[in-house]
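Open the model in a viewer and keep the selection tool at hand.

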Amino acid sequence: PSCIRTVETGNRAIYLFDCWHKHKNAAVRVREHRATCCLIESGQFRPVMEPLVITEYLLINETLLGEVLTLNDSPFSRKFVVHARAPNDARQTLTPALQTIILQYKEKFSDTYLHIAIGSSGAVLMTEETLDHDRWQDIIALALAIETTVFSKLLHGE
């Protein structure tokens, strides 16, 4: 991580930062990418029973992330792959409302990749590096929407 920016502290903490990450494609070529990430830490994520990773491609190292969740054929499942060690628990987090929020962001920014990890203490969102302040606001808004949706569903069954 580099260029860490504190957006909010208190009951909820939000940080933006830039980083390098490696991606191994199907041809087993490793490429490095620059990314902009948003970390949101909040007690609202406590009800998440099983961490999950949402990505736009199949990750090679499933040992750390668990198996691929089998999803019904939908716009979300055609765009994203979801990994979790306990798929049944992870499905409780990955509600249709959460899928819709993620798809809406992806439709607005179809030219950039999106990876999301959600756990019991928060979420990390990673997208292509950007210096555009408006894009920073959009990724923060997505993080907040994910927090609200996950908390609402898991706590209230909505």
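A salt bridge here is a side-chain nitrogen of Lys or Arg within 4 Å of a carboxyl oxygen of Asp or Glu. The model is predicted: local features need pLDDT of at least 70, side-chain atom pairs count only at pLDDT 80 or more, and totals for chains, interfaces and linings use all residues. Residues are numbered from 1 along each chain as its sequence is written, and side-chain values use heavy atoms, with hydrogens and water left out.

Select Arg-78 and Asp-73: they form a salt bridge, with the closest N and O atoms 2.8 Å apart. Both Arg-78 and Asp-73 are exposed (over 50% relative accessible area; buried is under 20%, partly exposed in between; 1.4 Å probe, protein chains only).

Next, select Glu-147 and Arg-12, a salt bridge at 2.5 Å between the closest N and O atoms. Glu-147 is in helix α5 and Arg-12 in strand β2, 135 residues apart (helices, H or I, at least four residues, and strands, E, at least two, are DSSP runs numbered from the N terminus). Glu-147 is buried, at 4% relative accessible area, whereas Arg-12 is partly exposed, at 25%.

Move to Thr-112, in the loop between α4 and β7. Thr-112 is buried, at 4%. A polar atom of its side chain lies 3.3 Å from the backbone nitrogen of Glu-128.

Finish at Leu-125. Beyond neighbours within four places in sequence, its contacts (heavy atoms within 4.5 Å) include Cys-37, Ile-139 and Ile-146.

Definitions and conventions:
A polar contact is a pair of N or O atoms within 3.5 Å; within protein, one must be able to donate a hydrogen and the other to accept it, and residues adjacent in sequence count only if both atoms are side-chain atoms.
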